Amino acid sequence: METPETPEKTPADTEQPAAEEATGIAAQDWAQASADPQYRAAVVDLLGALAYGELAAFERLAEDAKLAPTLDDKAELAKMASAEFHHFEQLRNRLAAIGEEPTTAMQPFAAALDEFHRQTAPSDWLEGLVKAYVGDSIASDFYREVAVRLDADTRALVLQVLDDTGHATFAVEKVRAAIESEPRVGGRLALWARRLMGEALSQAQRVVADRDALSTMLVGGVAAGFDLAEVGRMFSRITEAHTKRMAALGLAA
């Protein structure tokens, strides 16, 4: 079977502007930008949300490995889980380095993320793969959009921990092979992926709405460049990227 290429990158996936093109907060380093207490609070929230997300992803992938049909598949998911935990460690260490207690920073996001994973627990191996690929990618797109408005030091860390852990190629190959073998599986997985999309966007919006510093950042407060119209365009770009990933999996959006 010919393996499809990974979906082309969205604007949020491309390299960030060079330092000379950046303005405002994006042109500053952490030492400069963190002098603004509201910006600092927004970054602590962002890193806390990301850190708990990575920890939850580690736990989920380790659990999903139990559903793997072969030892090779189990090992592949274990490798992905290990990469997620390494990302968690980087974020935890960064929070500690800037004088924040990692557990305290993560705590406000635990309930929402746990509820998302409870609502979207996969019933089988293929649903787990689609969630790892589609669900995690939606979250990554959101954080990449926000990263453009961060100071240079924080932006570099966020983009580093959003690096693909191997989900994309592995999930695409396995899901497309399953659909080729049993075409009716495609309809069920398409419905599942649409549900993931809705739950992930709702969860992202709830998290932002509940945290004043983060919402201010998004609508153009401490990090100039976003406004309410741009937030709408941001979610449109995330939706477009989701449609491309669905096509890569061989599923209808």
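**Helices, buried residues and ring pairs**

Visitor: Does histidine 87 count as buried or exposed?
Guide: The relative accessibility of histidine 87 is 8%, and buried means under 20% relative accessible area, exposed over 50% and partly exposed in between, using a 1.4 Å probe and protein chains only. Because 8% is its value, histidine 87 counts as buried.

Visitor: What kind of model is this?
Guide: Residues are numbered from 1 along each chain as its sequence is written, and side-chain values use heavy atoms, with hydrogens and water left out. Local features need pLDDT of at least 70, side-chain atom pairs count only at pLDDT 80 or more, and totals for chains, interfaces and linings use all residues, for the model is predicted.

Visitor: Which helix holds histidine 87?
Guide: Helices (H or I, at least four residues) and strands (E, at least two) are DSSP runs, numbered from the N terminus. Leaving out residues up to four places away in sequence, histidine 87 touches Glu54, Gln160, Val161, Asp163 and Thr165, where contact means heavy atoms within 4.5 Å. The helix that holds histidine 87 is α3.

Visitor: At what angle do the axes of α3 and α4 cross?
Guide: Axes are lines fitted to C-alpha atoms, for helices over the stretch in contact, and angles run from 0 to 180 degrees between N-to-C directions. The axes of α3 (residues 71-97) and α4 (residues 102-119) come within 8 Å of each other, and their crossing angle is roughly 120°.

Visitor: Which residues of α4 make the contact with α3?
Guide: From α3 the contact takes in Phe88, Arg92, Leu95 and Ala96. On the α4 side, the residues are Pro102, Ala105 and Met106.

Visitor: How many aromatic pairs does the model have?
Guide: Rings of Phe, Tyr and Trp (its six-membered ring) pair if their centres lie within 6.5 Å, and planes under 30 degrees apart count as stacked, over 60 as edge-to-face and the rest as tilted. By this rule the number of aromatic pairs is six.

Visitor: Is the pair of phenylalanine 85 and phenylalanine 88 tilted or stacked?
Guide: The ring centres of phenylalanine 85 and phenylalanine 88 are 5.5 Å apart and their planes stand at 45°, so the pair is tilted. In helix α3 these two are three residues apart, and so about one helical turn separates them. Phenylalanine 85 is partly exposed at 27%, whereas phenylalanine 88 is buried at 6%, and the pair they form is tilted.

Visitor: How are the rings of phenylalanine 142 and phenylalanine 235 arranged, stacked or tilted?
Guide: Phenylalanine 142 and phenylalanine 235 are both buried. Their ring centres lie 6.4 Å apart and their planes meet at 20°, so the pair is stacked.

Visitor: Which side chain forms a polar contact of 2.9 Å with that of threonine 120?
Guide: Threonine 120 is placed in the loop between α4 and α5, and it counts as buried because its relative accessibility is 0%. A polar contact is a pair of N or O atoms within 3.5 Å; within protein, one must be able to donate a hydrogen and the other to accept it, and residues adjacent in sequence count only if both atoms are side-chain atoms. The side chain that joins threonine 120 in this way, at 2.9 Å, is that of lysine 131.
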